[in-house]
Amino acid sequence: MIDTNDPLVRFIGVQKSYDGEILVVKDFNLDIARGEFLTMLGPSGSGKTTCLMMLAGFEPTTHGDIMLDGKPINNVAPHKRGIGMVFQNYALFPHMSVAENLAFPLEVRGMGKAETEEKVNRALDMVQLGGFGHRRPAQLSGGQQQRVAVARALVFDPQLVLMDEPLGALDKQLREQMQYEIKHIHERLGVTVVYVTHDQSEALTMSNRIAVFEDGIVQQLAAPADLYEKPDNAFVAQFIGENNRLNGIVKEISDDTATVELDSGDMVTAVRINVSQVGERSTLSLRPERVQVNADSTDFNNIFDATVRELIYLGDHIRTRVNVCGNDEFIIKVPNSSNVAHMSEGETIKIGWKTNDCRALDFYEGL
Amino acid sequence: MAVTATTPTADDIMLDASGMPLKQALAIAERNKRRKALIMALPLLAFILVSFIFPIIQMLFRSIDNPAIHDNIPNLSREIQDWDERAIPDEALFAILADDLRAAGKLKNQGKVATRLNYDITGSRSMITQTARKLKKKTEGPYKDWFIGLNEKWGEMRTWVALKKASQKYTASFYLNSIDMRYSETGKIVAQPEERQIYLTLFWRTFYISIAITLICVFLAYPISFLMATLPVRTSNMLMILVLLPFWTSLLVRTTSWIVLLQTQGTLNDLMVYFGFIDDENRIQMIYNMTGTIVAMSHILLPFMVLPLYSVMKTIPPSYMRAARSLGANQAYAFYKIYLPLTIPGVAAGSILVFILSVGYYITPALVGGRTGQLISNFIAFHMQKSLNWGLAAALGGVLLAAILLIYLAYNRIIGIDKMKMG
Ligand SMILES: Nc1ncnc2c1ncn2[C@@H]1O[C@H](COP(=O)(O)OP(=O)(O)OP(=O)(O)O)[C@@H](O)[C@H]1O
Ligand SMILES: [Mg+2]
């Protein structure tokens, strides 16, 4: 579905500094395909908003080019870029009614009264707010304001819509509902969406592709499933989803596996991703749901004794913290099915995982 | 089963825990809250009552109060009201006047009567004092011919018409005076003679100078407030200090600087001559006239415009303008459609503040206003301090108060006082 050969937006070697001392965006390269839902995900302060603002035209780039539809837009004024935008605080004009807010971009473009009205009504119906046109933004709930903001960014049929943490101010339930609504609108209209969030589950739910940001650099650009299952480096593995880390030194290396001697002395074989030579330090990444309790050696080639430290009952699964290979924070998700043996704290159990589920990545220094 | 009852029955009334109807319980709770609020506001209420409301009422009373003749020659003041104004009064009224004047003379009150009558008929002061003096010797009537013989004005109708009007306990003549009207010799309301019409011109001048000052303040304050609201804190604090500077400088220093700058031999004129904009002979008079008043007052009142504007602009997030730009509006259109309407409450608050303050301003026009820059409050002060015509001063103040209340009401109708933000 995504055709990256003819991208709508291209960031080419973009750098940004606000103060002339620190590069907030270091070397940003990204192609955004037509019609895709691309999410920029990253910790706070990683430069997501800055990139969005440069694309919208509210911040100049310090270096590099941004191309829209094949043309550089560095010198195009924001109002001529034709990019819809949804702001974190919605930025609905408080002195105008909902309908007037939606009509604003159409009036600017000199559209006739009748056509404007029709488009406004259609946009309101799209976000299920038909009949709310006469209200002021202050008379709407947070979720309704959010929908108006989305409708306003779409009403003038832009080919590109930017959303900067649009759901940040909503409660969890409403946020999830809005995620689906925005997703459906995107699918129906086929508009290209660039979405910013630091909520990973939101990113995984909504996106075609996710660009994981750290330190002003894209760490990995991939579809949600790939990002979760096949992280390219230790930062992405740590940032997306829950992750067990084991640190060690590479002892043996082949084309697609690596054997690592952990700091505790245990030997683990893992998929070789991001290690290049024997003797290098590496971080192994392992998802908690890929660890098997009471594993037998026919299926699992990495089997270790673990001591149960803590059991947390979560309904569908039991979150189990164990000590294994010298790591006291090792998490296992044990499904709550009838054939799972009862465990108790302090007990020693056998756990195992497959080589394929364990990835040898670059050494991760963070906590 | 059909439901017919729509009015609440006894069962519908909500009861609170102790069985009291909920409405009643709420009312009691609210009443206690109000009482507490009232007690807290009481000291301020008392203070305002004593220092503000009461003096205003007293002043308004003074503008219609007319005791000088009524209290000092009481019998005549009562009897003359029955006089039909067709012919000079008869002997009986002259006799009452004689007795009253003699009594007033003993208490040395004849001067007050004379001064009061003199407001209405110029030259009548000496007539009263002279008559009162002579009356000490003449103890018996008939009086009528004696009075007229003493001063022929006693034989004129206008003297008696004026005396009848002036001896009423309450009078509208101060108010008439304050809008350039008066009672004619026949007791009708007519315009003052041309050369004595000054107050309407003054009210009008006060009004348009205040408007001019308000406009200048809006014009100067809007951009600076915008800068202050958008620039980094450190720079905006600097600007704020500059804006508040006139508040912190003493009035005399401030005024003297304006004089140094603006006078004909002052800095500004010197510079303009030096750069050849004007000839040395044609130096511009910029102080001790209306220009001086407007310049100095705009300077002083500017903070009252900046502060409400700034506080309103501070609350407008930059994302509004950005949203407008992203929706396709250029800078000017986005400003006109989004930013400007959102700042109107600030403009309105600042304008009404500056306007009302300048309408009542007194000290600056007195110092730098010269003859053409005087405002109505300068004349109120004049009547309070120099001419001692407190009645007229009170009436002028009353007219001013009414005018401001009217403007305020109109403002409330058009813009709505609840929309106004003071900061
Ligand atoms: N106007 C500005 N002037 C100076 N520095 C700025 C400005 N805006 C952002 N920065 C800095 O740039 C860096 C990146 O900021 P940015 O807003 O892009 O982060 P973000 O990824 O959007 O974070 P968040 O998830 O918290 O919104 C931060 O360190 C921030 O302090
Ligand atoms: Mg941000």
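Modeller: Here is the meeting place of the chains, followed by the parts on either side.

Keep in mind that this is a predicted model. On one side, 22 residues of chain A take part, and they touch 17 residues of chain B. Putting the two chains together buries about 1800 Å² between them, and carbon and sulfur atoms make up 70% of that.

What about charges? Between chain A and chain B the count is 1 salt bridge. Glu59(A) makes it with Arg322(B), and their closest N and O atoms are 3.9 Å apart. That sits just inside the rule, because a salt bridge needs the nitrogen within 4 Å of the carboxyl oxygen. Polar contacts turn up as well: across this interface the rule finds 4 residue pairs, with both residues at pLDDT 80 or more. If you want to know which elements of chain A give two or more residues to the side touching chain B, look at β6 (83–86) and α2 (98–108) of chain A. The largest share comes from α2(A), with 3 residues.

Now step back into chain A. It is divided into domain 1, covering 9–229, and domain 2, covering 246–362. Their C-alpha centres lie 40 Å apart.

You'll find an open sheet of 4 strands of chain A, in the order β2-β1-β4-β5, with antiparallel pairing. The edges are taken by β2 (25–32) and β5 (71–72) of chain A; each has a single partner strand, so one side of each has no neighbour in the sheet. Follow strand β1 of chain A, residues 9–16, and you'll see that β1 and β2(A) pair in the antiparallel sense over 5 bridges. To see one of these pairings up close, find Val14(A): its bridge partner in β2(A) is Phe28(A). A helix lies over this sheet too. Helix α1 of chain A, residues 48–56, lies across β1, β2 and β4 (63–68) of chain A, and runs at about 120° to β1(A).

Salt bridges also occur inside a chain. Over all chains, a search of the whole structure finds 32 of them. One is formed by Asp31(A) and Arg10(A), whose closest N and O atoms are 3.2 Å apart. Asp31(A) lies in strand β2 of chain A and Arg10(A) in strand β1 of chain A, so this pair ties together parts that are 21 residues apart in sequence.

Further along chain A there's another sheet, and here 5 strands close into a barrel. The order is β11-β12-β13-β20-β14 of chain A, and the pairing is mixed. On average, neighbouring strands of this sheet are turned by 55° against each other, ignoring direction. Take β14 (residues 281–286) and β20 (residues 358–362) of chain A: they pair in the antiparallel sense over 5 bridges. There, Leu286(A) stands opposite Cys358(A) in β20(A).

Finally, cross over to chain B. It is divided into domain 1 (17–62), domain 2 (67–168) and domain 3 (199–419). Look at how domain 1 of chain B and domain 3 of chain B meet. Their C-alpha centres lie 36 Å apart, while 4 residues of domain 1 of chain B are in contact with 6 residues of domain 3 of chain B. About 390 Å² is buried between these two domains, with carbon and sulfur atoms giving 83% of it. On the domain 1 side of chain B, Met59(B), Leu60(B) and Arg62(B) supply 90% of the area buried against domain 3 of chain B, more than any other three residues. How many salt bridges does the rule find across the interface of domain 1 and domain 3 of chain B? It finds 0, and 0 residue pairs in polar contact with both at pLDDT 80 or more.

Terms used
Residues are numbered from 1 along each chain as its sequence is written. Chains are lettered from A and ligands numbered from 1 in the order in which they are written. This is a predicted model: local features need pLDDT of at least 70, side-chain atom pairs count only at pLDDT 80 or more; totals for chains, interfaces and linings use all residues. Side-chain values use heavy atoms; hydrogens and water are left out. Two strands pair if DSSP finds at least two bridges between them. Contact means heavy atoms within 4.5 Å. Axes are lines fitted to C-alpha atoms, for helices over the stretch in contact, and angles run from 0 to 180 degrees between N-to-C directions. Domain bounds come from an automatic or database domain assignment. Buried area is the accessible area (1.4 Å probe) that two parts lose on being put together, summed over both. A salt bridge is a side-chain nitrogen of Lys or Arg within 4 Å of a carboxyl oxygen of Asp or Glu. A polar contact is a pair of N or O atoms within 3.5 Å; within protein, one must be able to donate a hydrogen and the other to accept it, and residues adjacent in sequence count only if both atoms are side-chain atoms.
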